[in-house]
Amino acid sequence: MTLFLQLGFQGVALGLAYGLIALGFVIMFKGSHTFNFAHGQFVAIGAYAVLILLPRLPYMLAFAGAVALTVGLALVVERLLIRGLIGRSVTVVVLATLGISTMLHNVILMVWGVGSHDSVGPTGAGTTSVGSVVLPNSALATVAVSVVVLVAVALFFQRTRYGLALRATASSQEAAMAQGIDVGRMFALSWALAAFLAVTAAAFLASFPRVVSPDLGDLALIAIPAIVIGGMDSLVGAVVGGLVVGLTQVLGSGYLSDIGGGRLHDVLPYVLMLLVLLIRPYGLFGSRSIERV
């Protein structure tokens, strides 16, 4: 039972990090009707930005600087490369984001190289004992900060003028324009919010394990099964899907390590994704209209 509780808590922590990334995907999809395959590279860039700022600044200032840099880059990409493609076919936009992802990945390789770097992270490498259960401080911090961020995002969408405008744009761009909402500004806001969530997730995702490497961008794409499981257009589904994927990976690595050369846990989220696609193609919380996209 002790092992189950320890693995379960770490799975929740990892799942919340995935949930933040998946939430960014969903916000962009709802706000600008764009599925951004380059989002994983923004996660990697956010982690590297924190890494290079930490020797010069306290952690919170380094994090704020990384958010500013990543959000600025996301806004430039959205305005210069994506905005003009709005209204084109889904295939064109998806191929464009795949191209942007490749470019950003190669920029990371040129600037920081192919090797990995130790991740300082917002907490040390210590642990906290709760009875017989030993919990990593990084996992405790991940859960605490993720819950705060998720509550803040929920309040933003429910209580603020810009949040309501973003919801209106996601529901109907034509109706939003008729109400005087600047749809282009909402596109930019959705990308900026997604970039903020990417950096927040990067700060903790680099703690599983505690390294920052170019592969972090690809690792972030594990959020795709989370989106499919939860529902492409559901903010709640993104978080639930992230938790499902995180728990599946960590529990699978703990209990199924002797099967499939110890890599079965990497496959399980995609198995779940395929099962959901077969049974409920629009996800657990998604709307049925997504099935036709």
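In which helix is the place of Gln249? Gln249 lies in helix H11, which covers residues 235-255; helices here are DSSP runs of H or I with at least four residues, strands are runs of E with at least two, and both are numbered from the N terminus. The model is predicted, so local features need pLDDT of at least 70 and side-chain atom pairs count only at pLDDT 80 or more, while totals for chains, interfaces and linings use all residues. Residues are numbered from 1 along each chain as its sequence is written, and side-chain values use heavy atoms, with hydrogens and water left out.

The protein chain as a whole has 12 helices and four strands. Its C-alpha trace spans about 60 × 50 × 35 Å along the principal axes. A compact globule of 293 residues would have a radius of gyration near 19 Å, and the value for the protein chain, 19 Å, agrees with this. That radius is taken over C-alpha atoms, and the globule rule is 2.2 Å times the number of residues to the power 0.38.

Gln249 counts as buried, at 8% relative accessibility. Neighbours within four places in sequence aside, Gln249 is in contact with Leu14, Tyr18, Ile222, His265, Asp266 and Pro269, where contact means heavy atoms within 4.5 Å. Across the protein chain, 75% of the contacts between residues at least 6 apart in sequence join residues at least 24 apart.

Ala38 is buried, with a relative accessible area of 0%. Beyond its neighbours within four places in sequence, Ala38 is in contact with Thr97, Ile100, Ser101 and Leu104. Between Ala38 and Asn137 there are 99 residues in sequence and 30 Å in space, C-alpha to C-alpha.

The last topic is confidence. pLDDT is the predictor's confidence in each residue, from 0 to 100. The protein chain has a mean pLDDT of 86, and 94% of its residues reach 70 or more. Confidence is lowest in strand E2 (residues 127-130), with a mean of 78, and highest in helix H3 (residues 59-82), at 92. Where pLDDT is low, the predicted coordinates should not be read in detail.

Definitions and conventions
Buried means under 20% relative accessible area, exposed over 50%, partly exposed in between (1.4 Å probe, protein chains only).
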